[in-house]
Amino acid sequence: MTHPTIALIEQRFSANLFDASHRLSDGEIERLVHLAVRAPTAYHLQNWRFIAVRSPEGKASLRRLAWNQPKVEAAAATFIVCGVRPDAGALPARLRPSIEAGFMPPDMPSAWQAAAAGQYGDPRAAQDEAVRSATLGAATLMLAAQALGLACGPMTGFDAGGVAHKFGLARDEVPVMLVAVGRAAPGNWPQKPRRPLAEVLDMA
């Protein structure tokens, strides 16, 4: 029997057509992000933020900044998935629950903080980590939406600077991806065939 997670991966498709009458409640949006933040991050930094754009005004503004893609407005919500450049100083607070849960040694956060400060002192490394974290969060968000019977349309075609300005992103936040989420309308393509494994897989 195929595991449900494997079935989700095999059936997932990128939706372009959404039922514009469908709405997502606060609880449904919170549930999606609750699942999305189960994705991994380096040092458990959890360096991301999710902006659920669902008001008519917000979606209209975001559509203008996303090359006028109709799905931004038709979807129940379009998430701006932001990566945050790592702040090693935030690690003690973010790791405290793991210590209180009893599975992380109390002296580990200081070692991780020193390692993260060294690793992300280079601005390029910090930017790369912000993008990695947001991408993992976006991918998990899409699988969570699929599991809850929703469709998703990920987008990288947008004016990043315009989105950052319009939606008040902080200087350390990077708008990495938009993910439209809602009920699929008829006419979407199924998952497109992938390249053969022989072209993308090597064994070392």
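1. Keep in mind that the model is predicted.

2. Overall layout. The protein chain holds 9 helices and 4 strands. In sequence order the pattern reads α-α-β-α-α-β-α-α-α-β-α-β-α. The C-alpha trace spans about 55 × 45 × 35 Å along its principal axes.

3. On helix pairs. Packing of two helices is described by the angle between their axes and the distance between the axes.

4. Helix 2 against helix 7. Helix 2 covers residues 26-36, and helix 7 covers residues 123-147. Their axes come within 8 Å and cross at roughly 130°. Angles from 65 to 115 degrees count as roughly perpendicular and those over 145 as roughly antiparallel, so helix 2 and helix 7 are oblique to each other. The crossing of this pair is right-handed.

5. Residues between helix 2 and helix 7. Helix 2 supplies Leu32, Leu35 and Ala36. From helix 7 they meet Gly137, Thr140, Leu141, Ala144 and Ala145. This contact has 6 nonpolar and 2 polar residues, and no charged ones.

6. Helix 1 against helix 7. Helix 7 also packs with helix 1, residues 4-11, and here the axes come within 10 Å. The crossing angle is roughly 105°. Helix 1 and helix 7 are therefore roughly perpendicular to each other.

7. Residues between helix 1 and helix 7. Leu8, Ile9 and Gln11 stand on the helix 1 side. Their partners in helix 7 are Leu143, Gln146 and Ala147. By class, the contact has 4 nonpolar and 2 polar residues, with no charged residue.

8. Helix 5 against helix 6. Helix 5 passes helix 6 in a right-handed crossing.

9. Residues between helix 5 and helix 6. On helix 5 the contact uses Leu91, Pro92, Leu95 and Ile99. On helix 6 it uses Pro109, Trp112, Gln113 and Ala116. The contact of helix 5 with helix 6 divides into 7 nonpolar residues, 1 polar residue and no charged residues.

10. A point to check against the model.

Methods. Residues are numbered from 1 along each chain as its sequence is written. This is a predicted model: local features need pLDDT of at least 70, side-chain atom pairs count only at pLDDT 80 or more; totals for chains, interfaces and linings use all residues. Side-chain values use heavy atoms; hydrogens and water are left out. Axes are lines fitted to C-alpha atoms, for helices over the stretch in contact, and angles run from 0 to 180 degrees between N-to-C directions. Helices (H or I, at least four residues) and strands (E, at least two) are DSSP runs, numbered from the N terminus. Angles under 35 degrees count as roughly parallel, over 145 as roughly antiparallel, 65 to 115 as roughly perpendicular and the rest as oblique. A crossing is left-handed if the near helix is turned anticlockwise from the far one by less than a right angle, and right-handed if clockwise. Contact means heavy atoms within 4.5 Å. Ala, Val, Leu, Ile, Met, Phe, Trp, Tyr, Cys and Pro count as nonpolar, Asp, Glu, Lys and Arg as charged, and the others, Gly among them, as polar.
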